[in-house]
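Colleague: Could you walk me through this one? I'd like to ask about its charged pairs and one of its pockets.

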Amino acid sequence: MRLVVALGGNALLRRGEPLSAANQLANIRVAAAQLARVASQHAMVLTHGNGPQVGLLALQGAAYTAVATYPLDVLGAETEGMIGYLLEQELSNRLPATRRVATLLTRVEVDPQDPAFAHPTKPIGPVYTAEQAQELAANRHWTMAADGAGTRRVVASPLPLRVLGVDTIETLLAHDTLVIAAGGGGIPVARQGDNPDLQGVEAVIDKDLCSSLLARALHADCLLIATDVEGIYLDWGQRTQHLLQHTTPQELATLAFPAGSMGPKVAAASAFVAATGKRAIIGSLQQIEAMLQGQAGTQVRPD
């Protein structure tokens, strides 16, 4: 099969875990071991989140006050290189020498008038206490929002309109290359006013929505969204919570999910299935092989 696998940023850095290079590498090694087994049998395009990482770079940049903090499109490109390098190296260590692995910096066009710019929802960076969040909001003019039991910075997350470089990805796939692309949802670019040139914009695109768009452009056989939970849970956080094992876009449209976490995953899976008539899966990276076999995760199939 031709797979697009979207690897969650929180699967690379666990919730509450210090954002250290050593922790990130350790988690990527675990992820690479899981992914390599699947990649040995299927053509794969691997995307990944960057929420914790892009937030960390923004924090590090804010600590140096001699120049303004770099914009989010540039930080997004930096995370594509950083995470892509680590994934490429660890996957190359586990795959046969004949299997190529390539990381692409990927630009993704968005609408500069997208209402998301006025209503930030995408969590980035670490989790803060309420007191820390209040201080950061006051001192750095960041927008903060609840994330689980803590608080995180949220930024604009416009809808992806077009993934640039699909032809290049197709060429690499034709030469038996595992492609790492659209990391962090890709680098957000837009055409401003009457200027035909693309320019970077201050945003972080949701990687699941971008992965869904990319999977459709590549005519993928399956979209697999690998995260740090076992799938879509109903009644989350209540005594009655339970895993939704099989569902359809029609059923999912009747349910509500948090905008900054499971909501985009559900929307991404539903859009892919509705547009292609093929299957999408949401679940834990540790169960990726069982997910592909239909034995784990939330299996989203046509109505």
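Predicted model: local features only at pLDDT ≥ 70, side-chain atom pairs only at ≥ 80, totals over all residues.

Colleague: How many salt bridges does the structure hold?

Modeller: A salt bridge is a side-chain nitrogen of Lys or Arg within 4 Å of a carboxyl oxygen of Asp or Glu. Some are linked in a network, as with Arg-29, Glu-90 and Arg-94. The number of salt bridges in the structure is 12.

Colleague: Which residue forms a salt bridge with Glu-170?

Modeller: Look at N and O atoms that are 3.0 Å apart at their closest. The pair links distant parts of the chain, 168 residues apart, with Glu-170 in helix 6 (residues 166–174) and its partner in strand 1 (residues 2–7); helices (H or I, at least four residues) and strands (E, at least two) are DSSP runs, numbered from the N terminus. The partner of Glu-170 is Arg-2.

Colleague: Is Glu-109 buried or exposed?

Modeller: Buried means under 20% relative accessible area, exposed over 50%, and partly exposed in between (1.4 Å probe, protein chains only). Glu-109 meets Arg-162 in a salt bridge (2.9 Å, N to O), and Arg-162 is partly exposed at 39%. Glu-109 has a relative accessible area of 13%, so it counts as buried.

Colleague: What is the relative accessibility of Arg-152?

Modeller: Arg-152 forms a salt bridge with Asp-147, with the closest N and O atoms 3.0 Å apart. Asp-147 is buried, with a relative accessible area of 13%. Arg-152 counts as buried too, because its relative accessibility is 5%.

Colleague: What is the volume of the second largest pocket?

Modeller: On a 1 Å grid over the protein atoms alone, a pocket is an open set of points where a 1.4 Å probe fits, with protein on both sides within 12 Å along at least five of seven lines; lining residues have an atom within 4 Å of a point. The second largest pocket is lined by 15 residues, and Thr-121, Ser-157, Leu-209, Ala-259 and Pro-264 lie nearest its centre. Grid points are joined across faces, edges and corners, and a volume is the space filled by probe spheres set on the points. For the second largest pocket, that gives about 220 Å³.

Conventions:
Residues numbered from 1 in each chain as written. Heavy atoms only, no water.
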